[in-house]
Amino acid sequence: TPITETRLPTINYLLPKKNTAKRTAPITKVVIHFTSNAAEKPTDPYNANDIRQIFIDYGVSAHYLIGREGEIYLLVPENRIVYHAGKGNLRNYPHYEDQLNKYSIGIELMAIGTEEEMSSILPVAVYQSIPQSHIGFTEAQYQSLHNLINDIVERYPAIKNDREHIIGHDEYAPDRKFDPGSLF
C-alpha cells in the first residue's frame, strides 16, 4: 500500500513502529487533540523532542503534530493506525466504541487548556507558572490545521468537512478527556 501523505510541507519526525499498527479499516474521522510537556517544563512546554519522547514513553501516537508556529510534524504515516483516541464512543457510531483509532487520523496541537481543564494532570502552582502566551492556541496553528484538514478531506471522500467527521477528543471520551478544550 502506498503511503498517502499530505501535500503540505511537513517535518518528518516519525515515531517507532511499535507505537502504531497496520490499518485495515477505512479512514472516516479526524480527531483533534492538544499536548504539551507542561508537567515537566511549565516554562518550556513545547519542545518537539520532549513531546515525541512522551509519546514513546507512554506508547501513544498521532499522525500529525502542529507546533506553535504552524509547523506540521509527520509522526506516523496515514496508512498506519495510531494510538490516540483510547476508550470512548460516538453517538450514531456504535461500532466505533473503543475502536476509533482504527477509523481515524489523529492530529495533536501543541497547546495547553484552561486551569480547570488541566487540573487533573497539573497542580495549580505548576499551571500558574506557565507563561500566559503558552495557554491556548496560535493563529498559525489554526491556519495549519485548516490547511491540513482541507487536504485530508480532499484525499478521503468518507470524511466530510463537518462536525460529525472532524471531532475533538473530548467528544469521543467526555468522561476522560477535555482536549482540544474550551480555548479551541
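1. Leaving aside neighbours within four places in sequence, I152 is in contact with V30, Y64, E78, I105, I107 and I159; contact means heavy atoms within 4.5 Å. The model is predicted: local features need pLDDT of at least 70, side-chain atom pairs count only at pLDDT 80 or more, and totals for chains, interfaces and linings use all residues. Residues are numbered from 1 along each chain as its sequence is written, and side-chain values use heavy atoms, with hydrogens and water left out.

2. The largest nonpolar core has 41 residues, of which Y64, L75, I107, I112 and I152 touch the most other members. Two or more residues each come from β3 (29-35), α1 (48-58), β4 (64-66), β5 (72-74), β7 (104-110) and α5 (139-155). Another core, of eleven residues, lies apart from this one and has A85, L90, Y96 and L100 among its members. A nonpolar core is a set of buried Ala, Val, Leu, Ile, Met, Phe, Trp, Tyr and Cys residues joined through side-chain atoms within 4.5 Å. Buried means under 20% relative accessible area, exposed over 50%, and partly exposed in between (1.4 Å probe, protein chains only). Helices (H or I, at least four residues) and strands (E, at least two) are DSSP runs, numbered from the N terminus.

3. Seven of the seven residues of β7 are buried, so this strand is largely enclosed by the rest of the structure. Both of its faces are covered, with S104, G106, E108 and M110 on one side and I105, I107 and L109 on the other.

4. β7 runs parallel to β3, joined by seven bridges, and parallel to β4, joined by three. Strands pair if DSSP finds at least two bridges between them. I32 stands opposite I107 in β7, while the bridge partner of I66 in β7 is L109.

5. There are eight aromatic pairs in the structure. Rings of Phe, Tyr and Trp (its six-membered ring) pair if their centres lie within 6.5 Å; planes under 30 degrees apart count as stacked, over 60 as edge-to-face and the rest as tilted. The pair of Y13 and Y73 is tilted, at 5.6 Å centre to centre and 50 degrees between the planes. Y13 lies in the loop between β1 (11-12) and β2 (20-22) and Y73 in strand β5, so the pair ties together parts that are 60 residues apart in sequence. Both Y13 and Y73 are buried. Ring pairs also link F34, F137, Y142, F178 and F184 into a cluster.

6. The charged end of R52 sits over the ring of Y13, 5.3 Å from its centre. Likewise, the charged end of K29 sits over the ring of Y93, at 3.6 Å from the ring centre. The criterion is NZ of Lys or CZ of Arg within 6 Å of the ring centre and within 35 degrees of the ring normal.
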